[in-house]
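Dear colleague,

I am handing over the structure we talked about, and you will find it just below.

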Amino acid sequence: MRIARHIAPAAIAAFATLSLVAGGAVPAVAEMVLNRGNQAEPTSLDPQKGTDVQSARIGYDLFEGLLTFGPDGKTIPGVAEKWEISADGLTYIFHLRADAKWSDGTPVTAADFVFSWRRVVDPKTASDYAYFLWPVKNGEAISNGKAALDTLGAVAVDARTLKVTLEQPTGYFLSSLVHRMTYPVSKANVEKFGAEFAKPGNMVSNGAYKLTEYLPQSYVKAVKNPFFRESGSVKVDTVVFHHTDSPETELRRFRAGELDIVQMAPVTQVDWLRQNMPETMKFYPVLGTQYLAVNMTKEPLASNPKLRQALSLAVDRQIIVDKITKSGDTPAYTLTAPGVPGYTLPDANMAKASQAERDAMAKKLVAEAGYGPGGKLLTVEILHNTNESTRKIAVGVASMWQSKLGAKVSLNNQEWKVVLQNAGEKSYTGTVALGWIADFPDPYTFLKLFLGDVGKMNRAGYNNPAFDAKLKEANVITDPAKRLAMIAEGEALMLADAPMIPLYHQAYRNLVHPRVKGWFESAMGVQPTRYLEVAGH
């Protein structure tokens with residue numbers, strides 16, 4: 001079934017073909033199709049290269065890792081049915097399921113994981129997420145070209161046993177394995193097709209679905225994988241991920257019945273939705289933070305912490321969540337979102353002050369830095385993606401900076417891929433609007449973005465050896481409470497430097513048609529299609 005742009009997918013899904021049974025024509029069972037609005041174009045379908053949530057949602061349908069997401073969003077065993085961890089926290093032994101198979105029917109083996117993990121840290125792959133496997137023995141050295149690929153501390157003991165040796169105890173390592181960057185690709189598949197392996201017709205995957213079509217700027221289509229170990233419980237036959245930069249367009253298609261799920265409803269229509277379609281609104285908090293990264297490689301902000309702090313102080317976060325997003329978001333004064341088990345957010349002094357007090361302090365800091373009335377003109381740019389919701393937030397922040405600090409603020413609107421490229425290369429001027437949803441339930445998933453050695457993922461270009469040392473010291477502590485307390489100390493250091501301006505802790509604005517069953521709230525915003533069903537089929 002090929003989906004044309006001018007034909008509503010829902011109409012196609014409803015069409016029942018006729019088959020001849022016992023000499024008569026009877027309607028066949030209709031194919032169950034789920035149409036998901038997936039926001040902007042994904043950066044890559046290669047599970048070890050895609051860096052955005054759009055790529056992630058597709059990846060979690062196509063692939064499965066040692067750990068995976070359960071029907072309630074919590075982490076459960078995936079390809080690994082069980083594992084053991086040595087007393088010193090250095091060695092992990094994973095036992096793979098006997099029924100784990102690729103979509104071509106061949107078994108998923110420990111050798112596939114070894115191949116895939118080497119591929120992640122291989123400098124030739126240029127994965128922005130290579131640091132995910134730096135805790136593994138020699139992972140960081142390989143990424144930096146200082147060790148051979150075959151020295152990575154991941155070994156196939158036999159076809160179903162994977163032995164992983166770490167550089168040092170790493171408190172978050174096991175929980176990080178739910179992230180797709182650690183998922184396997186088929187060694188035989190990648191060796192056969194090389195860089196073309198991620199294309200429809202080539203890709204072999206081990207998740208509940210397999211890729212069949214990809215029309216850039218339009219949709220990605222996947223069908224049920226008959227070799228998936230739990231294919232019998234998978235209800236949706238075909239899932240189609242539709243892509244557009246416009247939340248308003250997604251909403252129109254949702255109202256027309258062309259989409260069953262919208263990932264993020266436009267903030268411009270929240271009031272209308274509450275009045276007219278409240279039964280479809282599934283708004284809930286996630287482990288996510290929206291923020292402005294500050295370019296720490298360009299002046300005048302790079303060398304002037306007073307200016308960076310002033311910009312942060314002058315943002316009225318309550319107005320943003322009350323008047324613009326209106327979706328249950330909460331003002332953010334930290335990078336880590338609330339709700340991480342066991343983690344106490346560091347005290348943010350400005351959170352305790354009134355907005356009037358914050359504004360007064362911001363003006364004082366700008367004057368001390370030699371800017372504002374009687375000083376130099378402060379010029380700031382906000383780079384943001386083509387999205388009306390994001391634009392309204394950028395306009396709001398710009399207005400605050402202009403009216404309170406006398407700054408000249410310009411908005412630079414680009415496609416999402418361009419924003420990510422400029423952010424990774426640190427080629428933007430001033431600030432860039434970004435967000436982060438936790439890769440796993442741990443504060444390190446947020447704070448690693450500001451480590452000096454993570455390359456393009458450090459989109460602010462922040463480099464503070466004291467911050468880096470604090471996080472690395474924390475991650476070798478085996479006592480969970482002590483580890484998290486030290487991480488909070490590290491976050492406090494980073495926040496004081498203000499290489500980023502936290503705006504709000506995020507709520508997802510999902511729209512879900514009542515015909516979709518099995519949908520659930522997930523702290524990381526992941527609802528794999530394998531757990532969903534479309535009623536009426």
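The buried residues of α14 are covered by elements that include α2 (53–62), β16 (379–385), β17 (408–414) and β18. Please keep in mind that this is a predicted model. Helix α14 itself spans residues 416–425, and its buried residues include W416, V419, L420, N422, A423 and G424. Just after α14 comes K426, which takes a positive phi of about 55 degrees.

Turning to the aromatic side chains, a search of the whole structure finds 20 aromatic pairs. In one of them, the ring centres of F132 and F440 are 6.0 Å apart and the planes stand at 85 degrees, an angle over 60, so the pair counts as edge-to-face. This pair links distant parts of the chain, since F132 sits in the loop between α3 (110–121) and α4 (139–143) while F440 sits in the loop between β18 (431–437) and α15 (444–447), 308 residues apart. F132 and F440 are both buried.

Another pair is formed by Y291 and F450, whose ring centres lie 6.2 Å apart with the planes at 55 degrees, so this pair is tilted. Because Y291 belongs to strand β14 (residues 281–294) and F450 to the loop between α15 and α16 (465–474), the pair ties together parts that are 159 residues apart in sequence. Y291 and F450 are likewise buried.

Finally, ring pairs join Y129, Y131, F132, W134, Y172, W436, F440 and Y444 into a cluster.

Methods
Residues are numbered from 1 along each chain as its sequence is written. This is a predicted model: local features need pLDDT of at least 70, side-chain atom pairs count only at pLDDT 80 or more; totals for chains, interfaces and linings use all residues. Side-chain values use heavy atoms; hydrogens and water are left out. Rings of Phe, Tyr and Trp (its six-membered ring) pair if their centres lie within 6.5 Å; planes under 30 degrees apart count as stacked, over 60 as edge-to-face and the rest as tilted. Helices (H or I, at least four residues) and strands (E, at least two) are DSSP runs, numbered from the N terminus. Buried means under 20% relative accessible area, exposed over 50%, partly exposed in between (1.4 Å probe, protein chains only). Contact means heavy atoms within 4.5 Å.
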